[in-house]
Structures are given as C-alpha cells and as structure tokens.
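Here is a short briefing on one protein model. Keep the structure open while you read.

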Amino acid sequence: MTALQQKRTTNVFLGSIAASTSARAGDRIDVPVYSVTKHRGFVPSAEYFSKQVFSRELSNYKLISSGDFAYATIHLDEGSIGIAPEDALVSPMYTSFRVDHSLVDADYLVRFLKSPKALATYPSLGKGSAERRRSISFQRLAELQVPLPPLPEQRRIAAILDKADQLRTQRREALAHLNTLTQSIFDEMFGDPVANEMRWTKEPLSELLSAIESGKSPVCLARPAASNEWGILKLGAISTQSWLPSQNKALAESEPDRRFEVEAGDVLFSRKNTPALVAAVCMVNKTRSQLLLPDLIFRLRIADSSIITNTYLASVLQNQNQREEIQSMATGSAQSMVNISKAKLMSVSIPVPPLDLQQTFLRRVAGIDSLKEQYRAQLAELDTLSSSLQYRAFSGEL
C-alpha cells in the first residue's frame, strides 16, 4: 500500500457501515436452511450435518437475504461468520446484519471479521459467565473498529487473501484424499468394524486402554505459538482427522503442565465439538515439541501394544460407521457443541484382528503417512503465510 493509500485508510465503527436485520421466516418454507460454520461460512444444514438436525417448525427462523451476514452469537470468537450465498433460513441462535455496499466490500469485511486481529477483540465484547458461551449481540459488535481503505483497495486485499485460502484449502483436500486412501486399505483388510464381517473378537475400549487422558485449557493468546513457545491445541488440530499442529494458540502462562505435552504416536480424540465434527480421531506420527492437550481433546493410551497398535486403533475409530456409532452417544444441543464422556467412550467395542495383520496394515500405509507429513509441513507454511498476510492487510502494510 502506498503512503497516499495509507492516509486514506480510516478506522470506522462497524455500526456505521452495517445494520442488524431481524426478518423471520413466517410461512416461507420454500427457502433452504443453512448453518454458519467456522471454516466454510454458510453451509446447507442437511449437507453439513449429513442429516436434518434443525427444527421442522421453521416459522421463527431468521430469513436472511442473499449477501447478508450472519454469525453464531456464542461462537463468533471462533470465526463462525459468513455471507449468505442466497436467500436462506438460519436458526434464531444466529445474529444477522446487512452492510452498505457503497462503503465496504463484503469479502473484505468478512476477511477482517475472521482475522486474528478481530478474533482477539471478541472476548471483550462478549456477555455471559461461561468463557465459551459468551454471546455477542450486534449492538456490541457494532462497536468494533474496522480499518477501511477505499473500495478498490478493499477488493485487492480480499483477492490476495482469497488466493492464500485457496492454496490452504487445496492442501487440506489433498490430506483428506490421503485419509480416504488409508481408510480404503483398512476396509479391504479388516472390513466394516461395526458389522464385523471378518468375525474378529470384539473388545471394549475399557479392556484395551490403560487410560483416557484430557488436558487443560488455560489462558491463551489470540495467535499461534512461535516455534520456541508453548501452545495449546485448538480443535482444528484434529477435526479433519489429519494432524495439523499449526492449529494452536500460544500459552499465556509461564509454566506449562508438561504432563499434557503431545508426543509422536499419540492417538487423539475430540470429545467435544459440533455434531458433525465430534469424535474426530487422528494419530500423531510426528510433531514439534511444546504443544499441549486442551480439555476438549482426549489422548487414548493403549494398555498392551502386543494386542493392538496405535495405528490400528486410530484407523478403526476413524472408520465412518464406527465414528457414527460413537457420535450417537454424544449429548448436548444438536445446533451447538455436543460432548462424549470418558465412560461412554470406554464402553465402545471394536474388533481386534491378529497383531501380525495390524502390523501389515501399518507397513502398507507407511508411504501414505510419509506423504501426509510433507503436506502437513506445506500446510503449516501456508497457515503462517496466511496469518502474516492478514496482519499486514489490516495494518495497512499489504
């Protein structure tokens, strides 16, 4: 940005360029129902949850016009905000607003509202007693200051950030394809673990695990940890069932609890998340040091490695049918965060094939795991680049 452009960038209150909306569905049953997500913004609810989780009584749902914004009132600090791609209905749990397009580019604004700079501000705007349940009304969000360069500059910045996001999305999709390949090999060798066509002996996890450990969620900074700093994992570190260590927050405390440091070989399980993402599992093949478990992620400790391997355990729990069976045990609101207790997880039974077959599986997927490590390293570099671009973009330096 040139010196002249910097001078023309002003900080304005969001309320000066946007206004809340409150239209209700009434008898508009012809409009599709959407959810607003952290990574994908507006997503058709049936697609996101793979089933209908919303109420069949839609008259009180909010009617959102194409181009309007909506955010999860109690999860805005996680980046759950998006722009409606068409006229849509959303749950009353969301807050919606409309922007003045003669003043602000919508793509630029949503980038800012999801940026580390904005996310760091949201806790001070929230109202509520529980840290993860603080609600942010539009009246409070309207007090947020937005850096506003001229419209052409806003569009240029949004295009640059879009390109960076496209690269990150491509790498995540590549990792997802490799996970699918691993699961295909698993299915070929072991079959459906729920139907158990191979007639393997089934054992409850209470017999196979020595412990299910959960960490803590201490005070963190609103940025990832540097390579020489301690960090706390975010749910995004495992929610795609791929190990993404760059998804962390820097620890604010000076003394970490080293008991919860993540190690290579760990099998991690998300005990709490949205209904679609809960019960995600991944195995940590390789990791940097100084990353800690939060209280929302379990670490599964195998009791006897001569009976079951970590690689097999992670893969059997990642199996779609097995995961859906575990997800059905979750308790909580279908539109918010649901939870799976240690006791319920321990009651899950899985097939236990012979150890030599498990080890053959490990050898067959070793090459895939090596490629995953390369992709994860590239994704970490892209995450770092994206954070840098966002900082520069909204500081007048891009």
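In this predicted model, Val-316, Leu-317 and Gln-318 of helix H9 touch Gln-320, Gln-322, Arg-323 and Ile-326 of helix H10. By class, that contact holds 3 nonpolar, 3 polar and 1 charged residues.

**Helix pair H9 and H10**
- H9 covers residues 310–318, and H10 covers residues 320–327.
- Their axes lie 5 Å apart and meet at an angle of about 70°.
- Angles of 65 to 115 degrees count as roughly perpendicular, so H9 and H10 are roughly perpendicular to each other.

**Helix pair H7 and H12**
- H7 spans residues 151–190, and H12 spans residues 355–393.
- The two helices pack with their axes 10 Å apart, at an angle of about 170°.
- An angle over 145 degrees counts as roughly antiparallel, so H7 and H12 are roughly antiparallel to each other.
- The contact of H7 with H12 has 23 nonpolar, 7 polar and 9 charged residues.

**Two loop residues with positive phi**
- Asn-196 sits in the loop between H7 and strand E11 (201–204).
- The phi of Asn-196 is near 55°, a positive value in a residue other than glycine.
- Is Asn-196 buried or exposed? Its relative accessibility is 10%. Buried means under 20%, so Asn-196 counts as buried.
- Ala-279 belongs to the loop between strand E16 (272–273) and strand E17 (281–283).
- The phi of Ala-279 is near 70°, again positive in a residue other than glycine.
- Ala-279 has a relative accessible area of 1%, so this residue is buried.

**Whole protein**
- The secondary structure amounts to 12 helices and 22 strands.
- The radius of gyration is 22 Å, close to the 21 Å that the globule rule gives for 398 residues, so the protein is as compact as a globular protein of that length.
- Along the principal axes, the C-alpha atoms fill a box of roughly 65 × 55 × 40 Å.
- Of the 398 residues, 49% count as buried.
- Among contacts with a separation of 6 or more, 77% join residues 24 or more positions apart.
- The protein exposes about 18400 Å², and carbon and sulfur atoms supply 51% of that area.

Technical notes: Residues numbered from 1 in each chain as written. Predicted model: local features only at pLDDT ≥ 70, side-chain atom pairs only at ≥ 80, totals over all residues. Heavy atoms only, no water. Axes fitted to C-alpha atoms, helices over the stretch in contact; angles between N-to-C directions. Helix = DSSP H or I, 4+ residues; strand = E, 2+ residues; numbered from the N terminus. Parallel < 35°, antiparallel > 145°, perpendicular 65-115°, else oblique. Contact = heavy atoms within 4.5 Å. Nonpolar A, V, L, I, M, F, W, Y, C, P; charged D, E, K, R; others polar. Rg over C-alpha atoms; globule rule 2.2 N^0.38 Å. Buried < 20%, exposed > 50% of the residue type's maximum accessible area, 1.4 Å probe, protein only. Areas by Shrake-Rupley, 256 points an atom, 1.4 Å probe, with all protein chains shown as cover.
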